[in-house]
Amino acid sequence: REAETLAEEGKKEQLKRKKQCKKFTSAENRDVQLMHFRKEKFVQELEKEIKKLHRLGDQVKTWLKQADIKDKSELNRAKKNIELRYKRGKEFYKDGESSEPKAGDVSLFQQQEQENFEFIHESMQTLREQLDAMDAEMEMISKQKKPNEDRRAMLEGMTDGHKWHIKKMERLLRH
């Protein structure tokens with residue numbers, strides 16, 4: 001009867017965790033969409049400002065060509081300022097465009113998630129191999145006529161730690 005109660009509580013806990021995972025995933029997707037929307041809006045504003053700077057630069061150049069304007073130092077300063085801002089805007093725009101992921105590529109999130117899963121699997125395999133080696137060493141120590149109890153205690157502690165880490169990694173992979 002207690003086993004049934006524990007099993008039901010375990011199932012409830014598992015369902016609760018699945019719901020939390022789904023909430024996290026949907027919230028993360030919403031954040032990614034919002035970030036993409038903000039970036040698109042920012043890019044549109046940047047394009048608009050670059051076009052505006054280009055128009056202003058052309059206007060200043062036409063004023064500089066006019067003969068009736070005698071003091072052109074202010075216009076030259078304005079022209080340099082506009083050209084500098086225009087170049088910065090163009091560089092910023094190019095940097096933003098070049099950092100865009102390609103349409104056919106796997107999303108960055110999925111790629112990172114896959115790398116994380118591979119890392120966890122590799123780490124678990126390494127821990128299991130080390131665990132086997134420590135078990136073999138503990139068997140050899142116990143077969144000795146004069147066993148090294150300090151070494152055996154250290155190996156037992158390390159074995160417990162390895163088992164704990166493996167359990168945590170398995171839990172991560174399930175969720």
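**Labels and their cut-offs**

Author: Let's start with Thr-159, which touches Leu-131, Met-134, Asp-135 and Met-138, leaving out residues up to four places away in sequence. A contact here means heavy atoms within 4.5 Å. Before we go on: this is a predicted model, where local features need pLDDT of at least 70 and side-chain atom pairs count only at pLDDT 80 or more, while totals for chains, interfaces and linings use all residues. Residues are numbered from 1 along each chain as its sequence is written, and side-chain values use heavy atoms, with hydrogens and water left out.

Reader: Why is Thr-159 called buried?

Author: Buried means under 20% relative accessible area, exposed means over 50%, and partly exposed is in between (1.4 Å probe, protein chains only). Thr-159 has a relative accessible area of 4%, so buried is the word. Thr-159 sits in helix α4.

Reader: What makes His-162 buried or exposed?

Author: The value for His-162 is 13%, so His-162 is buried. His-162 is also in helix α4, which covers residues 149–174. Apart from neighbours within four places in sequence, His-162 is in contact with Leu-127, Gln-130, Leu-131 and Met-134. Leu-131 and Met-134 are on the list for Thr-159 too.

Reader: Fine. What counts as a helix here, and how many are there in the protein chain?

Author: Helices are DSSP runs of H or I with at least four residues, strands are runs of E with at least two, and the numbering goes from the N terminus. The protein chain has four helices and zero strands, so along the sequence the pattern reads α-α-α-α.

Reader: Which residues is Val-60 in contact with, beyond its sequence neighbours?

Author: Leaving aside residues within four places in sequence, they are Leu-75, Lys-79 and Ile-82. Val-60 and Ile-82 are 22 residues apart in sequence, and their C-alpha atoms are 9.2 Å apart. Val-60 belongs to helix α1, and at 6% relative accessibility Val-60 counts as buried.

Reader: How much of the protein chain is buried?

Author: Buried residues are 13% of the 175 residues. As for contacts between residues at least 6 apart in sequence, 64% join residues at least 24 apart.

Reader: On to charges. Why do you call Glu-137 and Arg-151 a salt bridge?

Author: The rule asks for a side-chain nitrogen of Lys or Arg within 4 Å of a carboxyl oxygen of Asp or Glu. For Glu-137 and Arg-151 the closest N and O atoms are 2.7 Å apart, so the pair qualifies. Glu-137 lies in helix α3 (residues 108–143) and Arg-151 in helix α4, so the pair ties together parts that are 14 residues apart in sequence. Glu-137, at 28% relative accessibility, counts as partly exposed, and so does Arg-151 at 30%.

Reader: How many salt bridges does the rule give?

Author: The count comes to four. One of them joins the side chains of Arg-77 and Glu-74 at 3.0 Å, N to O. These two are three residues apart in helix α2 (residues 73–98), which means about one helical turn separates them. Glu-74 is partly exposed at 48% relative accessibility.

Reader: And what makes Arg-152 and Glu-156 a salt bridge?

Author: Their closest N and O atoms are 3.5 Å apart, and that is within the 4 Å of the rule. Being four residues apart in helix α4, Arg-152 and Glu-156 are about one helical turn apart. Arg-152 has a relative accessible area of 25% and is partly exposed; Glu-156 is partly exposed as well, at 36%.

Reader: How do you know that Arg-55 counts as exposed?

Author: Arg-55 has 55% relative accessibility, and exposed means over 50%. Arg-55 is found in helix α1, residues 2–65.
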